Amino acid sequence: MATAAAHETDRTAAYGTDDGATDAYERAFDAAVAADERIEPRDWMPDAYRATLVRQIAQHAHSEIIGMQPEANWITRAPSLRRKAILMAKVQDEAGHGLYLYSAAETLGTSREELLDKLHSGRQKYSSIFNYPTLTWADVGAIGWLVDGAAITNQVPLCRCSYGPYARAMVRICKEESFHQRQGYELLLALSRGTPEQHAMAQDAVDRWWWPSLMMFGPPDDESQHSAQSMAWKIKRHSNDELRQRFVDICVPQAESLGLTLPDPDLRWNEERGHHDFGPIDWTEFWEVLKGNGPCNEQRITQRRQAHDEGAWVREAAAAHAAKRAARGPLTTETTGATRA
Amino acid sequence: MTTTVPTTAALALGDDALVLSHRLGEWAGRAPVLEEEVALANIALDLLGQARVLLSLAGDEDELAYLREERAFRNLQLVEQPNGDFAHTIARQLFFSTYQHLLYARLAAGDGPFAPLAAKAVKEVAYHRDHAEQWTVRLGDGTEVSHERMQRACAALWRYTGEMFQPVEGLDVEGEKLRADWLESVGDVLRRATLTLPEGPQSGAWTAGAGRQGLHTEPFGRMLAEMQHLHRSHPGATW
Amino acid sequence: MTNTDWPLWEVFVRSRRGLSHTHAGSLHAPDAEFALRNARDLYTRRGEGVSIWVVPSSAITASSPDEKDPFFEPSADKPYRHPTFYEIPEGVKHL
């Protein structure tokens, strides 16, 4: 298995099967979490904590790489060279973020190959938002503003997540993501202030992306199966509804500045709560898309699998070449061309 | 500006970079491994950056990219060839980046109008060339399947390589010397990759010309249709 | 390891001259050269580094959490290793 020695936990050797020892480790773990210390790869952790993290980090990583598709859909049609460069850089970042996250997951003893296999066979999920299509250029803007905006709202608290490698990956990702949201906003602003056709294109995109973006925060708190435990472990810091409300409050004035309308007749400021009220979310749609009945579920996973399968001979070739070279003996700098540290 | 920029040359080099960048952009979300997504995008972004500088020397970058007809594009036919499998993409990268690196090194060393641009670009292109060479060696000397695919890709693209050494108005480069250096370098990489230098002619038997004269191959029309469609659907709009 | 599964490498980046290399993350690559190039593309694409080391993850030997106490606690009771241990009369400079 491709786990690093630096990450590996030889659990039976280190801890034995002695219940007393495990109890002591559990107390140490709980105390570390309570004191807001970070848990690091080789520390003892409860199995369920490890499983929750693997599931969450994997889903996050999968979302990054599946999320490349709806935007890559517009790279070849970007309407100006400036926009094209921005979009390419953004989609590239997503591949990079996927890599950071798979690395974080690997510190928990699960290889990337294993995780990809689970994605390809449908045993692990990615964010449902990417099962919606990008029908116009404005969708690229709506994804940047709303989808990345929602993602950032979710992710900023994860920079303080109790698991060190995940928190560190998130710090890096959040730093890079801030450009994503701004470019989306700027793109929509240009459209909104452009020709009537461009303005209509922008409004249409916001109409289609608004509700799915709100669903990105997950089911309401009383229906969310993993939330309570994740909060206790400080993997999660705020509840789904809390973050969703925060996002709505942020978006309302931003939409105004854009000159675009959010498609919710019930959206209004509630003086008493100090927040915006908003209309009911169609959770049937959410669960259906999650189950696989969204407009693009099949398409996204098929393309992913296809890329992986079609790339197999390339990965094999490189591995075979490395094996041949290893068999031939040590490399000289001349053949490696490697630069000196 | 003290020196006038030869428009023909700016378009030739700019279109090469623009079109190849576009082709590499088509890989997004489809690369054989995640690390390669990042690598291909880096190369595509470098090329797009070069294209924007070069086209801006000849006019407005977006007008030139989006509003010219196929016949007005001056890129090599090599760079417009479809991605094919990864071996085709790598063969195309090897052939082009070796040429571009040799050419830009010459331009950077001179005092012509392209010297400043070439001085910056030559570093980027050195990396593209290295990337292509590394992959050529691994695919050529990898498995039986990869060896065969790589050999086939080199053969398929060979006929588009002769065009690179045609004289371009405004570029003071000795074509035959460039060809010799290119052949030596590519030959060396292919040898290290246990591949053979293709034997066929380096250009198609069509005296009408090739990309530098505005004559392109069938896939290019479709590529442009896709690239220009949105921009052309909204005349005069800003993005 | 299956035949398509590339090994894992740890990446260390020197962010600028005068600083040590610090661990940036990991990646997969078939060999050292590609590990170096992938690291360059992935961890320094915003100009975050001037030098990179890559090390096969399997080559790293780490202290185990079990060793934590005997490994690190003895150093905690040697305060005389730290400059703040010493009281210096006020007004004495350059010390």
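Analyst: Ala, Val, Leu, Ile, Met, Phe, Trp, Tyr, Cys and Pro count as nonpolar, Asp, Glu, Lys and Arg as charged, and the others, Gly among them, as polar. By this scheme, the lining of the second largest cavity comprises 10 nonpolar, two polar and one charged residue. The model is predicted: local features require pLDDT of at least 70 and side-chain atom pairs pLDDT 80 or more, whereas totals for chains, interfaces and linings use all residues. Residues count from 1 along each chain as written, chains are lettered from A and ligands numbered from 1 in written order, and side-chain values use heavy atoms, without hydrogens and water.

User: What makes the second largest cavity a cavity, and how much space lies in it?

Analyst: About 100 Å³ of space lies in the second largest cavity. Of its 13 lining residues, Met88(A), Gly25(B), Ala28(B), Glu37(B) and Ala41(B) are the closest to the centre. It is called a cavity because a 1.4 Å probe fits there, on a 1 Å grid over the protein atoms alone, but cannot get out; lining residues have an atom within 4 Å of a point.

User: Which elements supply at least two residues of the lining of the second largest cavity?

Analyst: They are helix H5 (81–106) of chain A and, from chain B, helix H1 (7–25) and helix H2 (34–58). H2(B) gives the most, with four residues.

User: How many cavities of 30 Å³ or more does the structure hold, and what lines the largest cavity?

Analyst: There are four such cavities, and the largest holds about 150 Å³ of space. Its lining has 13 residues, with Arg112(A), Glu113(A), Leu116(A), Arg315(A) and Val33(B) nearest the centre. Two helices of chain A, H6 (112–120) and H13 (297–310), each give two or more residues to that lining, and H6(A) has the largest share, three residues. By class, the lining has five nonpolar, three polar and five charged residues.

User: What makes the second largest pocket a pocket, and which residues lie closest to its centre?

Analyst: About 770 Å³ of space lies in this pocket. Among its 30 lining residues, Arg168(A), Arg172(A), His23(C), Ala24(C) and Gly25(C) are the closest to the centre. It is called a pocket because its set of points is open, with protein on both sides within 12 Å along at least five of seven lines. Helix H8(A) supplies the largest share of the lining, seven residues. The lining divides into 13 nonpolar, nine polar and eight charged residues.

User: Why is Asn297(A) called buried?

Analyst: Asn297(A) has a relative accessible area of 11%, and buried means under 20%, with exposed over 50% and partly exposed in between (1.4 Å probe, protein chains only), so the residue is buried. Asn297(A) is in helix H13 of chain A. Leaving out residues up to four places away in sequence, Asn297(A) touches Tyr126(A), Asn131(A), Val289(A) and Gly292(A) (heavy atoms within 4.5 Å).

Technical notes. Grid points are joined across faces, edges and corners, and a volume is the space filled by probe spheres set on the points.
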